[in-house]
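Please open the model in your viewer and keep the selection panel at hand.

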Amino acid sequence: MSEQTLAVHAPYNGKLLGHVAASTAADVEQALSVAHGLFRNRSQWLSKPRRIEILHRAAELITERKHEIATQAASEGGKPLKDSLAEVERGIDGILNSIEVLRTEGGHVIPMGLNAASANRVAFTQFEPIGVVAAVSAFNHPFNLIVHQVIPAIAVGAPVIVKPAGNTPLSCRTLVDILTEAGLPEGWAQMLLPADNSITGKLVSDPRVGFFSFIGSAKVGWMLRSTLAPGTRCALEHGGVAPVMLAADADLEDSLPRIARGAFFHAGQVCVSVQRVFCHSSIAEQVAERLGQLGDAMVVGDPTDARTDVGPLITEREVNRVSQWVDEAVAGGARLISGGRALGNNCYAPTVLLNPSIDSSVMQKEVFGPVVAVYAYDDLAQAIELANALPDAFQAAVFTQNLDTAMQCYQDLDATAVMINESTTFRVDWMPFAGARQSGHGVGGIPHTMKEMQVEKMMVWRSRAVRG
């Protein structure tokens, strides 16, 4: 291991939180050698009962240390403490979910005896791990994202090498250490943090990797996918520019707090964060004003303070970018309803824009900041066409009390999930979670990730004793 270390600082106040050893090319080679050796030696594979025991114990340890883990995640990632606590609870539930999948998903029976060719035969499938899993993660959910990438691998019996975001490696290290404490043998879960992206590239492109899991920007994810060795499967989870259709008959008392939460949760640093609200023109100005009031009422500041609703962006560079995009939108004709200013400590005020230009950055690109654009429409079909005009497609939402409106949006919106009277940010960790087009590849969610990290292996058995 390199003697070089990488410092981890809090995005809110720059406080030094810890150091993590920087991984070298030699460290990557060593990790791959160990992981691949474990996978190729079937006598070392962990039995299902042992995996279940390890996962149960890990869930217990996390539960005992929940507040400590959440505080660490809030400090290094900037998500407010109350939301970080919810994130850790989701992580615990995700571990338990993986155990449930092991108990209920064991393969399939393939029909035989249907014709002369299949007579006297039975066939069934069982699951085996696909191989070494290489995971590259993002900063915005520093604990639960690692759970989603590492725990399914351990559950299916695949050795995993994980590279967390450079801003938030402490939560990842904590989870790997807890798995070790829970009884996971050495080498089954390894964390690497190269200081050089080219070293990460060597990990991802190595032919010993059976499955590549990536959460992060589309530009990086698709580039890394292009380097995969033949046979390596992958799942990519990128961002979106989530559209919400707000019909004239929507229940605003119910919908606006959900939309505001979806826009400003974790300072908008969520891949399915509400960003574009296509609102019927009869209520657009009212909606924008009320969203602005909801944003203004949120407490922005120290993420480790239990009262905080909106924490900082991850870096000053991101604050400057968001500020530039908002300024450009206003210069291009948008009406600034609320926010529109940096607050110090990498915080940016929850911001509402009314009727920005359709070609502005806030309508065309993922802001990944606490900014929501309200855009008035008169014709729903035209609004849906605008919502669908981008190369991204992830989760979308419609707020209406009309069944036909809901069905029109469900059928016509380009999205992998359409929420009715719920925010685009809705998620439970056992549901399929996937971006389409440039927003991703493959399917996330604990059970679905476990399936993708396995091979379904079939046995066909011929016997004269088999009848019908």
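**Second largest cavity**

Select β10 (242-246), β17 (392-393) and β18 (395-399), each of which supplies at least two residues of the lining of the second largest cavity. Helices (H or I, at least four residues) and strands (E, at least two) are DSSP runs, numbered from the N terminus. This is a predicted model, in which local features need pLDDT of at least 70 and side-chain atom pairs count only at pLDDT 80 or more, while totals for chains, interfaces and linings use all residues. Residues are numbered from 1 along each chain as its sequence is written, and side-chain values use heavy atoms, with hydrogens and water left out.

Next, display Val241, Pro243, Asp392, Ala393 and Phe394, which lie nearest the centre of this cavity among its 16 lining residues. The second largest cavity holds about 100 Å³ of space. On a 1 Å grid over the protein atoms alone, a cavity is a set of points where a 1.4 Å probe fits but cannot get out, and a pocket is an open set with protein on both sides within 12 Å along at least five of seven lines; lining residues have an atom within 4 Å of a point. Grid points are joined across faces, edges and corners, and a volume is the space filled by probe spheres set on the points.

Colour the lining of the second largest cavity by class to find 10 nonpolar, three polar and three charged residues. Here Ala, Val, Leu, Ile, Met, Phe, Trp, Tyr, Cys and Pro count as nonpolar, Asp, Glu, Lys and Arg as charged, and the others, Gly among them, as polar.

**Largest cavity**

The structure holds three cavities of 30 Å³ or more. For the largest cavity, with about 190 Å³ of space, select Ser213, Ile215, Glu237, Gly444 and Thr449, the nearest to its centre of 20 lining residues. The elements that give two or more residues to this lining are α5, β8, β9 (233-237) and α15 (446-452). Which element provides the largest share of the lining of the largest cavity? Strand β8 does, with four residues. By class, the lining of the largest cavity comprises nine nonpolar, eight polar and three charged residues.

**Largest pocket**

Turn now to the largest pocket, whose volume is about 1400 Å³. Its lining has 43 residues, and Phe139, Gly216, Ser217, Ala218 and Val220 are the closest to its centre. Highlight α7 (197-205), β8 (209-215), α8 (218-225) and α11 (316-331), the elements that give two or more residues to the lining of this pocket. The largest share, five residues, comes from α8. The lining of the largest pocket contains 17 nonpolar, 17 polar and nine charged residues.

Colour domain 1 (5-239 + 439-459) and domain 2 (243-420) separately: both give residues to the lining of the largest pocket, so this pocket lies between them. The domain bounds come from an automatic or database domain assignment.

**Second largest pocket**

The second largest pocket has a volume of about 460 Å³. Select Arg90, Phe265, Val270, Thr425 and Arg427, the closest to its centre of the 24 residues that line it. Nine nonpolar, six polar and nine charged residues make up the lining of the second largest pocket. Why does the second largest pocket lie between domain 1 and domain 2? Both domains give residues to its lining, so it lies between them.

**Packed helices**

Select α1 (residues 25-40) with α7: their axes come within 9 Å and cross at roughly 20°. That makes α1 roughly parallel to α7. Axes are lines fitted to C-alpha atoms, for helices over the stretch in contact, and angles run from 0 to 180 degrees between N-to-C directions. Angles under 35 degrees count as roughly parallel, over 145 as roughly antiparallel, 65 to 115 as roughly perpendicular and the rest as oblique.

Finally, show α3 (residues 66-77) with α4, which pack at an angle of about 120° with their axes 8 Å apart. Helices α3 and α4 are therefore oblique to each other.
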